[in-house]
Amino acid sequence: LAEKDRVIAELRAKLGQDSGNSHRPPSSDPPGSGTRKKRRASRQRKRSGRRPGGQPGHKGSTRSLLEPSAVDHIESLRPDVCQGCGASLDGASLEPNPERHQVYELPEVRPVVTEYQLNACACGKCGMRNKPGLPSGVSWSAFGPGVHALVATLSGQYHLSRRRIQQLLADFFGLKVSLGAIVDMQARVTSAMAPAVDELRAEMHRTTAPTGMDETGWRQAGERRWLWIAITDALALFAVRDSRGGKVVQELVGDEAGGRVIVTDRWSAYHQVPLARRQFCWSHLLRDFLKMADAPDEEAKRLGSGLFQLGTQMFR
């Protein structure tokens, strides 16, 4: 009976776990969990009794007017007839310092197409046919560096799919691009960025700044991969690999990981980092303390509550 009571207590503790006291994602929280209720309560704002909008005494903010020299077009307007009697105001003198209103608008952007004509001619002395090459900086791609940069930014920074990029280029710039051409541009930018990534990786190996590391599941070409990150205050290095093992840790931060502190969760790939220089993620620790505080064992409950209070006090 004592053994069954122990098993029942463990199962009840597992049933009480959610994203607040375990490492489960918030999407797995059941409808009646305490963490879900706390999130719902935090989203429900209490009524303050004040009217919507700016409050009395609130310091407003407005867009500063540009100097006339920085304005592209100026239209000077004047009234045609008097609003009081209807008389013409053609000859009336205007007051100084008119009220100014500036409107920002985006210009219509269309691609600039440059045609390079490679004229050939035969040598009058030996008869050899000669044809010039393209100017320096011009490739045989149908799209210039600006289009390549935009495609890479929309893909890497704004996370648009290739079809979304294709649609955006057509809708906003009148530029028709095939999906294959978008793939080719992404590959060219990847190759062009390789030296910068190598420089970043070398600096990540040299730095002594505290470094956070993590990994998460990733889909690439329909196959399972892992997205890794090593990050400091000044550096952020991402890598997509087919391994979740310790060799990727060595690749990102070096074999010895320098003399710095590495902040991680408890995944086994990070066990190679010496404990003296390994900091467990505090978000994970606080959830572990809450899990202990919810345990049926009184000693674990007392210890978990005390650790959680100390952790929250430290962050305050």
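In this predicted model, Ser64 sits in the loop that runs between helix H2 (34–43) and strand E1 (121–122). Its relative accessibility is 60%, so Ser64 counts as exposed.

Thr35 belongs to helix H2. With a relative accessibility of 18%, Thr35 counts as buried, because the cut-off for buried is under 20%. Beyond its neighbours within four places in sequence, Thr35 is in contact with Asp18, Ser19, Gly20 and Asp29. Of these, Ser19 is 16 residues from Thr35 in sequence, and the C-alpha to C-alpha distance is 6.9 Å.

The whole structure holds two aromatic pairs, listed here.

| Pair | Centre to centre | Angle between planes | Class |
|---|---|---|---|
| Trp228 and Tyr270 | 6.1 Å | 70 degrees | edge-to-face |
| Trp282 and Phe315 | 6.0 Å | 85 degrees | edge-to-face |

Trp228 is in strand E4 (residues 223–231) and Tyr270 is in the loop between strand E6 (262–264) and strand E7 (278–280), so this pair ties together parts 42 residues apart in sequence. Trp228 and Tyr270 are both buried.

The pair of Trp282 and Phe315 links helix H7 (residues 282–293) with helix H8 (residues 298–315), across 33 residues. Trp282 has 29% relative accessibility and therefore counts as partly exposed. Phe315, with a relative accessible area of 53%, is exposed.

Charged groups also sit over rings. Arg224 lies over the face of Trp226, 4.4 Å from the ring centre. The charged end of Arg244 is over the ring of Trp267, at 3.7 Å from its centre.

Conventions: Residues are numbered from 1 along each chain as its sequence is written. This is a predicted model: local features need pLDDT of at least 70, side-chain atom pairs count only at pLDDT 80 or more; totals for chains, interfaces and linings use all residues. Side-chain values use heavy atoms; hydrogens and water are left out. Helices (H or I, at least four residues) and strands (E, at least two) are DSSP runs, numbered from the N terminus. Buried means under 20% relative accessible area, exposed over 50%, partly exposed in between (1.4 Å probe, protein chains only). Contact means heavy atoms within 4.5 Å. Rings of Phe, Tyr and Trp (its six-membered ring) pair if their centres lie within 6.5 Å; planes under 30 degrees apart count as stacked, over 60 as edge-to-face and the rest as tilted. A charge sits over a ring if NZ of Lys or CZ of Arg is within 6 Å of the ring centre and within 35 degrees of the ring normal.
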